[in-house]
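Subject: A structure for you to explore

Hi there,

Here is the structure I promised to pass on. Have a look at it first, and then read my notes below.

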Amino acid sequence: MSAFKSEFLHTLSTRGFIHQTSDDTGLDALFARETVSGYIGFDPTASSLHAGGLIQIMMLYWMQQTGHRPVALMGGGTGMVGDPSFKDEARKLMTPETIQSNIDGIKQVFAKYLTFGDGPKDALMVNNAEWLMPLNYLEFLRDVGQHFSVNRMLSFDSVKQRLDREQSLSFLEFNYMILQAYDFVELSKRYGLRLQMGGSDQWGNIVNGIDLGHRLGTPQLYALTSPLLTTSSGAKMGKSMNGAVWLNADLLSPYDFWQYWRNTEDADVERFLKLYTTLPLDEIARLAGLGGAEINDAKKVLATEVTALLHGREAATEAAETARKTFEEGALATTLPTVEIASAELGEGVGILALMVRAGLAGSNGEARRHVQGGAVRINDAAISDEKARIGTAEVTQDGVIKLSLGKKRHILLRPV
């Protein structure tokens, strides 16, 4: 059982979110005593977060559900620099226009998990460009830079690993940890924030902010990190064989998102139910106790509950029903992900490799060729063995579509237009 008395930390502890805190007792007492504001920073490196970021969003979700105020910090300013933490090389620099476009895309997801508004427990979304962009460089160096020891900064794992591998670390990136620390202080002053959360790789950056706050006169600040998650087989969360598992529906359909969670490894089911769903712990224990083939029922519950939080209950139920029809009845579910293709093209015939790439089932013709050679590609459930095969109007079924499959679990409908 959790030793925490406050509802928020007890919830996070019992569901497996806590890797480390800067002060268990002090943070627990703070949450038990008052409404706490805490934040997590998100760098806008793409137009959507992926499933690897869901653990952070769920931490903000539970913060609000237990009566506190979550803040999502968009890195509009720090995104101009790029976080070097545990990266082999510098991120490509983005224009302000790209950063803003990415922030607009990321915002869509948060509204599914958090209630925003002006109340004391309503979530906030703020952008650190608000205070970082107007900074005067010389004043910042004098007022903030003086509090940072280069010797200590060089000792952080995220920096040491780059230097030990003799990979370049630019002065631009070296500044990132100072800017992140400054964010914590500014958020404390502007919005009364007391807690910064993040993945365990952010520990050094967060503690820097606590130290800077102490030197610049903020109230006591706190850190809480979550474990860096991999699947039981060592795969990185949020990545699949076919690329990133995006949270925005325009980049990954609710059906494909559902399938990602349905394919969870047996050993991960209980852990993922605790982290990524809001099901009660006793129900999770019951599902985790299912043995043999029944574990698949628990995986379907996991997939449906995670998808319902992000895309809504209706989309989750539809994805589950589509999968049931496709896999259990062998029927053609017309709600499978669909790619439109010009009828004129089909009249001439389209190469199977090109179709695989257009449908998103392969990243290149070479990858598609390997799938065909491996016997994994089917058209209307019939195996395709010829990599030069051309698919045309003859393959259009009575339902007005062509079913293109990769293996047993990935299916795309090609619809003539």
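Which strands does helix α10 lie across? Helix α10 (residues 176-191) lies across β2, β3, β4, β5 and β6, and runs at about 145° to β2. Axes here are lines fitted to C-alpha atoms, for helices over the stretch in contact (heavy atoms within 4.5 Å), and angles run from 0 to 180 degrees between N-to-C directions. Helices (H or I, at least four residues) and strands (E, at least two) are DSSP runs, numbered from the N terminus.

Before you go on, please note that this is a predicted model, in which local features need pLDDT of at least 70 and side-chain atom pairs count only at pLDDT 80 or more, while totals for chains, interfaces and linings use all residues. Residues are numbered from 1 along each chain as its sequence is written, and side-chain values use heavy atoms, with hydrogens and water left out.

**The sheet**

Six strands form an open sheet in the order β1-β6-β5-β2-β3-β4, with mixed pairing. β1 and β4 stand at the edges with a single partner strand each, so one side of each has no neighbour in the sheet. Two strands pair if DSSP finds at least two bridges between them. β3 (residues 69-74) and β4 pair in the parallel sense over four bridges, and Ala72 has Met125 in β4 as its bridge partner.

**The cores**

A nonpolar core is a set of buried (under 20% relative accessible area, 1.4 Å probe, protein chains only) Ala, Val, Leu, Ile, Met, Phe, Trp, Tyr and Cys residues joined through side-chain atoms within 4.5 Å. The largest has 67 residues, and Phe110, Trp261 and Tyr276 have the most contacts inside it. Helix α3 (residues 54-65) gives the most to this core, with nine residues. A second, separate core of 30 residues includes Phe174 and Ile206.

**The charged residues**

The structure holds 11 salt bridges (a side-chain nitrogen of Lys or Arg within 4 Å of a carboxyl oxygen of Asp or Glu). One of them joins Asp266 and Lys299, with the closest N and O atoms 2.5 Å apart. This pair links distant parts of the chain: Asp266 is in the loop between α12 and α13, and Lys299 is in helix α15, 33 residues apart. Lys299 is buried at 8% relative accessibility.

Where is Arg15? Arg15 lies in the loop between α1 and β1. Arg15 is buried yet has no salt bridge, and the nearest side chain of opposite charge, Asp282, is 8.4 Å away. Lys and Arg count as positive and Asp and Glu as negative; His and the chain ends are not counted.

Enjoy exploring!

Methods:
Buried means under 20% relative accessible area, exposed over 50%, partly exposed in between (1.4 Å probe, protein chains only).
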